[in-house]
Amino acid sequence: MVKKIFIKTFGCQMNEYDSNRIFDTVKKIGFLKTSNQSEADCYLINTCHIRDKAKEKVYHEVGRVKKIFRNKKKPLFIVAGCVAQAENEEMLKREPYIDIVIGPQSYHQINSLISNYKKDQKELTEFETKDKFDYLDKIKNTSSKVSSFLTIQEGCDKFCSFCVVPYTRGPEYSRSFEKIILEAQDLVKSGSKEIILLGQNVNAYSFKGKTKKYRLSDLINELEKFKEIKRIRYTTSHPKDMSDDLIDCYSNSKKLQPFVHLPIQSGSNKILKLMNRSHKVEKYFEIYEKLKKINSKIEFSSDFIIGYPGETDEDFRDTLNFLNKIKFINSYSFLFSPRPGTPASNLDLIDHEVAKDRLIKVQKILFQYQLKHNESFLGKKIEVLVENKMKKNQMYFGRNEYFNGVIFDGNKKLVGQIVKIKIDKVNQNNLFGKIDSNSDMKAA
Ligand code: SAM
Ligand code: SF4
Ligand code: F3S
């Protein structure tokens with residue numbers, strides 16, 4: 001009998017990649033993917049632990065699933081991802097409805113866990129990233145998207161005081177250069193035109209091969225040679241690892257997109273030090289200037305944590321000054337959320353109302369820059385890589401070089417091509433337009 005798996009993914013792109021790879025794996029034991037949760041034989045949630053209420057979201061989800069399956073056979077309920085890693089057997093004790101808890105470094109064992117599952121609940125939260133990739137390398141990545149994620153690095157050794165990632169994803173691990181390129185070949189064969197290289201610290205990628213040490217720049221240079229690949233991106237990078245060889249790629253590569261997501265967290269050196277960020281504001285600005293000198297079209301986005309313990313009005317002003325200096329075109333900003341087990345979790349919080357007020361101020365400015373950037377495309381013809389038809393209507397979706405979503409009147413022949421779109425409307429999140437009938441449709 002055919003078995004169906006429903007996978008719900010929370011969190012970052014690395015979780016999205018993992019969910020795809022989990023599916024590639026369970027296919028081997030006869031599972032088909034379903035988007036209808038009520039017909040699932042196996043219900044898997046891939047969780048994120050980065051900010052508060054992560055754990056509660058899992059129990060809330062269990063409650064929902066219990067209701068859906070009230071009158072039916074219960075699905076095998078699996079909790080994967082970073083909450084699974086952080087909470088491990090505690091989850092099994094608290095919620096008997098959960099059958100399996102599996103951390104991000106143990107996915108290579110998911111098939112045997114499912115196949116051998118008996119009534120007793122199982123938990124696997126080891127930290128052998130090598131074993132995981134040794135196993136996954138043998139399983140084809142079947143993503144057939146125009147834009148595909150490709151994880152090259154996992155984990156983190158940086159231990160920023162606020163962050164759970166070093167505890168949930170383990171130490172920094174870089175995959176084999178050759179295996180990454182082989183996976184890219186598979187993706188290209190299935191129709192990928194854009195590769196987004198992923199890692200919690202993607203620019204810390206470092207793999208010792210037989211003849212040389214490979215860095216992120218080597219991967220970019222190698223992908224550049226694939227004629228089918230039209231665009232290359234990477235995320236998320238750390239200012240400390242923005243090495244000159246990577247910066248040089250912006251001079252040499254025609255496919256590396258002119259958009260850099262580089263989190264800073266705060267514009268105050270005092271706060272960066274308290275956060276154990278291992279870089280200063282000046283270092284960030286230096287990177288910014290080097291890249292702008294190479295190509296003035298390069299734009300930046302960032303992550304900000306607002307209301308970190310010890311953040312004064314002056315520190316906050318430094319953050320505002322900083323973002324006014326760089327004029328980020330798109331950024332994420334969050335209130336500091338104390339995470340259990342991290343060094344910052346026991347620090348005295350600043351007044352919640354003050355923190356909230358600061359977040360509102362930051363977001364107002366960030367959104368203004370975002371909108372202004374989007375408005376700069378009004379009336380212009382821009383190159384868009386067409387990704388898919390939209391689910392809700394007849395329109396098509398693609399992205400420009402800055403990763404802005406572009407919605408337009410396409411057709412299915414254009415999927416996977418770069419086309420020129422004339423932008424006639426924008427909002428904060430998307431650009432809207434029409435195919436430019438006067439130009440050669442295929443721009444690249
Ligand atoms: N490795 C990346 C870096 O060094 O910037 C960040 C990866 S983390 C998964 C994504 C973002 O979540 C961080 O940049 C940070 O802004 C946010 N974040 C992490 N821990 C947080 C916390 N305790 N409270 C609020 N935001 C947090
Ligand atoms: Fe978290 Fe810092 Fe590591 Fe980024 S560098 S994943 S913020 S500990
Ligand atoms: Fe969340 Fe884990 Fe990613 S905590 S942000 S899913 S690395």
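**Entry 1. A three-strand sheet**

I began with an open sheet of three strands, in the order E7-E10-E13. Its pairing is parallel. I note here that the model is predicted.

Which strands stand at the edges? I found strand E7 (147-151) and strand E13 (231-235) there, each with a single partner strand, so one side of each has no neighbour in the sheet.

Next I followed strand E10 (residues 194-198) to E13. The two run parallel and are joined by five bridges. I picked out Ile-196, whose bridge partner in E13 is Arg-233.

I turned to strand E3 (residues 42-47). Is E3 enclosed or open to the outside? Six of its six residues are buried, so E3 is largely enclosed by the rest of the structure. I checked each face in turn. Cys-42, Leu-44 and Asn-46 are buried on one side. Tyr-43, Ile-45 and Thr-47 are buried on the other.

I looked up what E3 pairs with. Strand E1 (residues 3-9) pairs with E3 in the parallel sense over five bridges. In that pairing, Ile-7 has Leu-44 of E3 as its bridge partner.

E3 also pairs with strand E4 (residues 76-81), again in the parallel sense, over six bridges. Leu-44 stands opposite Ile-78 in E4. Thr-47 has Gly-81 of E4 as its bridge partner. E4 is mostly covered as well, with six of its six residues buried.

**Entry 2. The barrel**

I traced a closed barrel of five strands, E17-E18-E19-E21-E20. Its pairing is mixed. The twist averages 55° from one strand to the next.

Strand E18 (residues 396-399) and strand E19 (residues 405-408) pair in the antiparallel sense over four bridges. Gly-398 stands opposite Val-406 in E19.

**Entry 3. Aromatic pairs**

How many aromatic pairs are there? I have the count at 16. I opened Phe-177 and Tyr-214, which form a stacked pair. Their rings are 3.9 Å apart centre to centre, with 10° between the planes. This pair links distant parts of the chain. Phe-177 is in helix H8 (residues 177-189), Tyr-214 is in strand E12 (residues 213-215), and they are 37 residues apart. Both Phe-177 and Tyr-214 are buried.

Why does the pair Phe-285 and Tyr-288 count as stacked? The ring centres are 5.5 Å apart and the planes stand at 20°, under the 30 degree cut-off, so the pair is stacked. Both residues are in helix H12 (residues 281-294). They are three residues apart, which means a separation of about one helical turn. I checked burial for Tyr-288. Its relative accessible area is 13%, under the 20% limit, so Tyr-288 is buried.

**Entry 4. Lysines over rings**

I looked for charges over ring faces. Lys-325 lies over the face of Phe-285, at 4.0 Å from the ring centre. Lys-425 lies over the face of Phe-432, at 4.9 Å from the ring centre.

**Entry 5. Ligand shells**

What surrounds ligand 2? I listed Cys-156, Lys-158, Phe-159, Cys-160, Phe-162, Cys-163, Val-165, Pro-166, Asn-201, His-238 and Arg-277. I sorted this shell by residue class. It divides into seven nonpolar, two polar and two charged residues.

I did the ligand 3 shell next. Cys-12, Asn-15, Thr-47, Cys-48, His-49, Ile-50, Cys-82, Arg-169 and Gln-200 surround ligand 3. The shell divides into four nonpolar, four polar and one charged residue. Thr-47 was already in my notes, as one of the buried residues of E3.

**Entry 6. Ser-115**

I ended with Ser-115, in helix H5 (residues 110-115).

Conventions:
Residues numbered from 1 in each chain as written. Chains lettered and ligands numbered in written order. Predicted model: local features only at pLDDT ≥ 70, side-chain atom pairs only at ≥ 80, totals over all residues. Heavy atoms only, no water. Near = heavy atom within 4 Å. Nonpolar A, V, L, I, M, F, W, Y, C, P; charged D, E, K, R; others polar. Phe/Tyr/Trp six-rings, centres within 6.5 Å; stacked < 30°, edge-to-face > 60°. Buried < 20%, exposed > 50% of the residue type's maximum accessible area, 1.4 Å probe, protein only. Lys NZ or Arg CZ within 6 Å of the ring centre and 35° of its normal. Pairing = 2+ DSSP bridges. Axes fitted to C-alpha atoms, helices over the stretch in contact; angles between N-to-C directions.
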